Amino acid sequence: MSTRRSDEPIYWGLFGFGGMVIAFALPAILTLMILQGFGVDCFKLAAIAKTWWGAGALFVIVSASMWHGFHRIYHGLHDLCIHTTRVHHYVLYGLAVIFSLAALVIYASKFFGWCA
Amino acid sequence: MSENQIMKISVSRYRPETDKEPYLQDFEVPYRKETSLLEALNYIKDFLEPELSFRWSCRMAVCGSCGMMVNGVPKLACKTFLRDYAGKSMKIEPLANFPIERDLVVDISDFIEKLERIKPYIIPSKEDENKPLTEGYIQTPQQMTSYLQFAQCINCGICYAACPQYKLNKNFIGPAALTLAYRYNIDSRDAGAAERMKLLSLDEGVWSCTFVGYCSQVCPKHVDPASAIQLGKKASAIDYVIKMFKPGEEE
């Protein structure tokens, strides 16, 4: 048995936070996006993404959902009898980092108007 | 329900000196509405197969000896009634996830060692240690309520038989031991939380649990180990953050 303290609190914390975000914010965002698809744009989503608080909120929602999802997959592998190693750890949480950075770049570009 | 119905019970047999692996032996046992599985096993031992081995003692879900798999579900034999299986058959096997010693008897020493390691007893503070018993350990009913549910554990090992994580990784400290660690950590009379936190915070501690929750479903004493472990995760995460800012606190 190891004696090293687990670094899981970091990932579990992000997982818990992401779970709360998914439960509360994601259904609202998805509903708004589906409505937008039908031409109902009561909240002007594109305009919200151009404000600092809107871009920030959308970044937090996307990033936290990613951390939540990849944590689930990481531990789900263990439940599927796939013995996880540090490689799985780095690949899956690495993907969460990449998606978070992508969201950061996209929302920053909206906010600063780098693209149309 | 009529008196003396017959239940077909298949019991797993394994005698290490003669059997290569466990096999099932069928018995027909007469039962009434109040017949427990433990009584049925004793009927088998008294009248049909005197060599059948199984552990039991109190007959009333207090000692935690008679845990076994009933149709694949871990249960206490004394708390399982044949009437609930009327019209079906019963398959009795030794508690899963533990090595089999003989017939329905398993070797639970791994669980006992883990239980000892988390120090499941009150570790008094330096001030309380020297006080007379009447002074040092006073507790309000409210303080007792906080841990009472988790103190109902009878160490039967049923949660270990139910835990898919323990099945995959025998280093996992496991539901009952982690629950008792949490139970003593939140006891107002205890000062051993820092000592236990080192074990709780390992990968093999609370962090090996993925909150499947089957342990809580099968616990015969409604201890809810899954909840204790999640609360343990919270305590360990808070401790992690505190240690991040105060690394020197480690003794």
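Predicted model: local features only at pLDDT ≥ 70, side-chain atom pairs only at ≥ 80, totals over all residues.
Local features need pLDDT of at least 70 and side-chain atom pairs count only at pLDDT 80 or more, while totals for chains, interfaces and linings use all residues. Residues are numbered from 1 along each chain as its sequence is written, chains are lettered from A in the order in which they are written, and side-chain values use heavy atoms, without hydrogens and water.

View 1. The largest pocket has a volume of about 660 Å³. A pocket is an open set of points on a 1 Å grid over the protein atoms alone, where a 1.4 Å probe fits, with protein on both sides within 12 Å along at least five of seven lines; lining residues have an atom within 4 Å of a point. The volume is the space filled by probe spheres set on the points, which are joined across faces, edges and corners. Of the 25 lining residues, A:Tyr74, A:Thr84, B:Asn169, B:Asp203 and B:Ser208 lie nearest the centre. Helices H3 (52-79) and H4 (86-112) of chain A and helix H7 (164-168) of chain B each supply at least two lining residues; helices are DSSP runs of H or I with at least four residues, and strands are runs of E with at least two, numbered from the N terminus. H3(A) gives the largest share, three residues. The lining divides into six nonpolar, 13 polar and six charged residues, where Ala, Val, Leu, Ile, Met, Phe, Trp, Tyr, Cys and Pro count as nonpolar, Asp, Glu, Lys and Arg as charged, and the others, Gly among them, as polar.

**View 2. Lining of the second largest pocket.** This pocket holds about 360 Å³ of space. Its lining has 16 residues, with A:Phe15, A:Arg72, B:Thr210, B:Phe211 and B:Lys233 closest to the centre. Contributions of at least two residues each come from H1 (8-37) and H3 of chain A and from H11 (225-245) of chain B. The largest share, six residues, is from H3(A). Five lining residues are nonpolar, seven polar and four charged.

View 3. A:Leu30 is placed in helix H1 of chain A. This residue counts as partly exposed because its relative accessibility is 46%, the class between buried (under 20%) and exposed (over 50%), with a 1.4 Å probe and protein chains only.

**View 4. The loop at B:Gly72.** B:Gly72 sits in the loop between strands S3 (67-70) and S4 (73-76) of chain B. At 41% relative accessibility, B:Gly72 is partly exposed. B:Ala161 is 89 residues away from B:Gly72 in sequence and 10.0 Å away in space, C-alpha to C-alpha.
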